[in-house]
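Work through the exercises below with the sequence and the model at hand. Try each task before reading its solution.

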Amino acid sequence: MSDHAGRLDAMRIAAPLVQNITNYVAMNVMANVMLAAGASPAMVHAREEVAEFATIASALTINIGTLTPAWVDGMVEAAKAASEAGTPWVLDPVAVGATSYRYKTAQRLLAFNPTVTRGNASEIIVLSGAAKTGKGVGATDDVDRALLAARSIAQRTGGIVAVTGAEDFVTDGTREAWVANGHPIMPAVTALGCALNGIVAAFLATGDDAFEATITALAYYGLAGEQAGETAQGPGSFAVAFLDALAGMDADRLQAGAKIRRV
Amino acid sequence: MSDHAGRLDAMRIAAPLVQNITNYVAMNVMANVMLAAGASPAMVHAREEVAEFATIASALTINIGTLTPAWVDGMVEAAKAASEAGTPWVLDPVAVGATSYRYKTAQRLLAFNPTVTRGNASEIIVLSGAAKTGKGVGATDDVDRALLAARSIAQRTGGIVAVTGAEDFVTDGTREAWVANGHPIMPAVTALGCALNGIVAAFLATGDDAFEATITALAYYGLAGEQAGETAQGPGSFAVAFLDALAGMDADRLQAGAKIRRV
Amino acid sequence: MSDHAGRLDAMRIAAPLVQNITNYVAMNVMANVMLAAGASPAMVHAREEVAEFATIASALTINIGTLTPAWVDGMVEAAKAASEAGTPWVLDPVAVGATSYRYKTAQRLLAFNPTVTRGNASEIIVLSGAAKTGKGVGATDDVDRALLAARSIAQRTGGIVAVTGAEDFVTDGTREAWVANGHPIMPAVTALGCALNGIVAAFLATGDDAFEATITALAYYGLAGEQAGETAQGPGSFAVAFLDALAGMDADRLQAGAKIRRV
């Protein structure tokens with residue numbers, strides 16, 4: 001059995017500094033989510049400083065949500081720096097199927113072999129090159145349909161791929177697992193998917209096995225969502241209760257509540 | 001009598017993909033407001049992808065809140081693409097009276113004939129060329145003072161103009177109406193005006209009569225504000241309750257609660 | 001005894017227009033914090049309009065949180081315009097120790113002699129040139145360790161320096177005071193430090209003695225935090241209650257609750 005409780009405690013003690021290059025919609029939510037969890041977020045994206053900042057960060061996340069050429073340069077610099085330094089990093093190919101600009105940028109970043117690639121089913125399918133699908137920012141495909149795509153990306157990058165949805169699928173090309181924690185209101189709060197990247201990165205930063213760290217991160221996040229859903233009256237109060245639940249999560253409760261199915 | 005209930009149901013069933021080029025302050029709120037209402041928001045502003053994205057979006061909003069030259073280029077590209085494709089779009093000339101840079105940009109965008117132009121009284125007066133006024137981002141004029149300016153913009157663009165304030169005025173140059181829903185705390189929560197553009201656009205996207213769609217959008221938004229005001233202790237709890245109210249709004253309650261006065 | 005009550009009333013009556021150049025993470029929170037307090041925030045950062053906007057604003061804040069070359073140009077233009085016009089302005093050197101790009105930018109801005117320089121202990125120490133420390137965005141040093149650095153910056157700029165932390169230290173090079181209001185959850189909500197700049201600027205805008213205005217701003221902010229902490233279940237509900245407390249703060253309660261120690 002995986003030691004989710006020990007991993008949460010270790011992350012909170014380390015309070016890892018995680019550098020995030022993410023979209024404008026997500027920045028505030030992501031920072032609050034990470035602070036609530038006990039990590040130390042920093043939003044640094046300019047080409048002029050990403051590489052230098054990367055040397056002091058314990059992990060990196062890159063999300064292509066709101067792109068411009070200057071940001072793409074910063075993303076490539078940061079991915080390169082993380083890759084060379086062996087710093088774990090997470091790629092989120094938001095809406096990769098929406099425009100060719102996004103597709104090309106995501107492929108450039110993928111070449112730096114992210115430790116974890118996380119997206120919804122439509123994004124993972126498009127990113128794998130298997131099909132053009134899911135043009136918007138929401139998922140239009142079920143997680144089930146993205147398994148082959150996820151495995152193919154895992155093989156290409158040598159990293160983990162997490163397909164998130166009603167139930168999350170995680171593969172490193174060899175090991176595979178499903179994480180069933182979560183709540184149906186979560187997609188109605190913007191940027192909770194983007195913010196999850198920061199939680200995954202914070203767990204990766206503890207230096208633990210990346211596959212296990214990813215599973216614990218997803219279970220912790222989803223379980224906090226379940227707790228928030230118990231009192232929420234709608235997406236507004238859900239978002240508030242979710243931050244409280246992330247901060248208040250007891251390690252033992254996580255250990256008991258994680259719904260992992262290894263396959 | 002207008003079928004507000006049917007229009008809300010239709011919008012939620014369609015869950016239209018709306019492309020938004022808005023300011024940094026508003027992006028997160030706008031996305032949450034639109035998700036709560038049942039629409040599908042996407043924040044896409046880069047010149048490199050706006051036109052391509054416009055081909056898959058059902059509506060567009062442009063807000064000049066935080067301008068830079070690259071963003072202005074993206075806005076013009078997007079307005080042009082929407083105009084050529086016949087995609088409905090909403091222009092919000094935030095603080096158009098504050099600097100000449102804003103004024104020029106707003107006039108460039110207005111030339112692409114927005115389906116709906118929405119602003120506070122000061123912004124609509126300045127935009128019409130009638131006077132220099134309202135240099136800040138808040139309204140310093142009453143809605144009453146902006147009627148002639150609104151009609152003149154409606155004639156010039158062939159579109160709708162909505163002047164929002166304590167009571168909202170809507171004109172398409174021929175038909176006119178007042179919408180009295182709303183709550184006095186709303187101006188104390190940042191970007192609720194900006195986020196309203198997305199709700200107007202979502203209703204426009206259903207292909208309904210644009211004048212009627214705009215009225216329903218304003219009534220729905222204001223009524224959700226009234227509901228939020230019943231429990232709010234201040235602007236923080238108001239913002240939370242407002243999202244819950246948008247999501248939980250019953251179509252029949254909207255039909256009963258809309259306060260429309262046609263003139 | 002300082003007239004905190006009168007100062008809060010005066011600020012709310014003036015509802016000063018404050019121009020803010022701040023980071024993407026903070027923009028929304030800052031606007032909401034300022035609106036809740038009764039000020040009128042405007043986020044204007046483009047080189048094309050900062051100087052013109054500066055002529056209508058009653059105060060300015062600059063925060064180096066998310067830098068790019070174009071933004072640095074806008075910051076320098078704005079600081080220059082404020083300095084020449086005698087408009088009070090606040091500098092926040094976020095994470096100045098993290099990269100040389102930040103350090104150089106902060107030094108360029110400091111040369112325009114901010115009315116108030118506000119940062120955590122690590123930032124103030126680095127900014128003074130005394131040491132390289134505190135590479136992340138959070139403080140790694142106690143306020144106590146930054147007193148000499150704060151005094152040295154106050155002498156160099158002829159302005160106020162506020163070092164915020166568990167207890168806040170304020171100096172103008174001659175007068176000194178400690179402000180003990182606040183709540184331990186505050187650092188777990190992102191951008192509350194950044195947003196504080198706007199409150200300080202709003203009080204400065206009333207034209208009062210800048211040292212006294214800064215102290216009142218810090219006491220008001222911290223006391224609202226104390227009130228929020230009475231009901232909060234975690235950082236999510238704290239952020240909501242904090243906005244409500246800023247808006248609902250009674251002037252007499254501020255007068256009674258301010259914890260100022262002059263030294």
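The exercises that follow concern a predicted model.

**Exercise 1.** Determine where Ala95(A) lies and whether Ala95(A) is buried or exposed.

Solution. 
- Start with the chain elements: Ala95(A) sits in the loop that runs between strand S4 (89–92) and helix H5 (100–110) of chain A.
- Next, look at the backbone: phi of Ala95(A) is near 50°, which is a positive value in a residue other than glycine.
- Then count neighbours: a residue is buried if 20 or more other C-beta atoms lie within 10 Å of its own. Ala95(A) has 28 C-beta neighbours inside 10 Å, and therefore counts as buried.

**Exercise 2.** Describe the side of chain B that touches chain C: which elements contribute two or more residues, and what is the make-up by class?

Solution. 
- Begin with the contact totals: 28 residues of chain B are in contact with 27 residues of chain C.
- Two or more residues each come from helix H2 (27–37), helix H5 (100–110) and helix H10 (235–248) of chain B.
- H10(B) gives the largest share of this side, four residues.
- Sorted by class, the side of chain B that touches chain C has 14 nonpolar, 12 polar and two charged residues.

Note on methods
Residues are numbered from 1 along each chain as its sequence is written. Chains are lettered from A and ligands numbered from 1 in the order in which they are written. This is a predicted model: local features need pLDDT of at least 70, side-chain atom pairs count only at pLDDT 80 or more; totals for chains, interfaces and linings use all residues. A residue is buried if 20 or more other C-beta atoms lie within 10 Å of its own, exposed if 12 or fewer, and partly exposed in between; C-beta atoms are placed from the backbone. Two residues are in contact if their C-beta atoms, placed from the backbone, lie within 7 Å. Ala, Val, Leu, Ile, Met, Phe, Trp, Tyr, Cys and Pro count as nonpolar, Asp, Glu, Lys and Arg as charged, and the others, Gly among them, as polar.
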